[in-house]
Amino acid sequence: MAFGTETVPKVDKIVGPGNQYVDEAKRQLFGYVGIDQLAGPSEILVLADDSANPIFVAADMLLRPEHGPISRCALVTTSRRYR
């Protein structure tokens, strides 16, 4: 679809996050169509104390690994509630 078909025009730009397969597809299309970036695996380190909202902490930690098996997330806390 990036190059288009007889009835569908080629795309101007491919954007959005993804896993290593999406990154490789963007790498192969670079120069033919626009791409936003080659992001690679996602990584996050969450620092949380007793004042941190546990729902926000959990959401931040769950959003990164969905981008592939080599994405990493970690939590550093002084709070007993997160142990």
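Biologist: Which residues does Met61 touch, not counting those up to four places away in sequence?

Modeller: Val46, Cys73, Ala74 and Leu75. Keep in mind that this is a predicted model.

Biologist: Which residues make up the largest nonpolar core?

Modeller: There are six: Ile44, Val46, Ala48, Ala52, Val57 and Met61.

Biologist: Switching to charges. How many salt bridges does a search of the whole structure find?

Modeller: Two. One joins Arg27 to Glu24, with the closest N and O atoms 2.9 Å apart. The other joins Lys26 to Asp36, where the closest N and O atoms are 2.7 Å apart.

Biologist: Where do Lys26 and Asp36 lie?

Modeller: Lys26 is in helix α1, while Asp36 is in the loop between β2 (34-35) and β3 (43-48). They are 10 residues apart, and the pair links distant parts of the chain.

Biologist: Is Lys26 buried or exposed?

Modeller: Lys26 counts as buried because its relative accessibility is 3%, and the cut-off for buried is under 20%.

Biologist: How does Arg27 count in terms of accessibility?

Modeller: As partly exposed, because its relative accessibility is 43%. Glu24 also counts as partly exposed, at 33%.

Biologist: Why would such side chains pair in general?

Modeller: Side chains of opposite charge can pair when their charged atoms come close.

Biologist: New topic: where is Ser79 found?

Modeller: Ser79 is in the segment after β4, the strand at 72-77.

Biologist: Buried or exposed, that Ser79?

Modeller: Buried, because its relative accessibility is 0%.

Biologist: Which residues is Ser79 in contact with, leaving aside neighbours within four places in sequence?

Modeller: Asp49 and Asp50.

Biologist: With which side chain does the side chain of Ser79 make a polar contact?

Modeller: With that of Asp50, at 2.5 Å.

Key. Residues are numbered from 1 along each chain as its sequence is written. This is a predicted model: local features need pLDDT of at least 70, side-chain atom pairs count only at pLDDT 80 or more; totals for chains, interfaces and linings use all residues. Side-chain values use heavy atoms; hydrogens and water are left out. A salt bridge is a side-chain nitrogen of Lys or Arg within 4 Å of a carboxyl oxygen of Asp or Glu. Buried means under 20% relative accessible area, exposed over 50%, partly exposed in between (1.4 Å probe, protein chains only). Helices (H or I, at least four residues) and strands (E, at least two) are DSSP runs, numbered from the N terminus. A nonpolar core is a set of buried Ala, Val, Leu, Ile, Met, Phe, Trp, Tyr and Cys residues joined through side-chain atoms within 4.5 Å. Contact means heavy atoms within 4.5 Å. A polar contact is a pair of N or O atoms within 3.5 Å; within protein, one must be able to donate a hydrogen and the other to accept it, and residues adjacent in sequence count only if both atoms are side-chain atoms.
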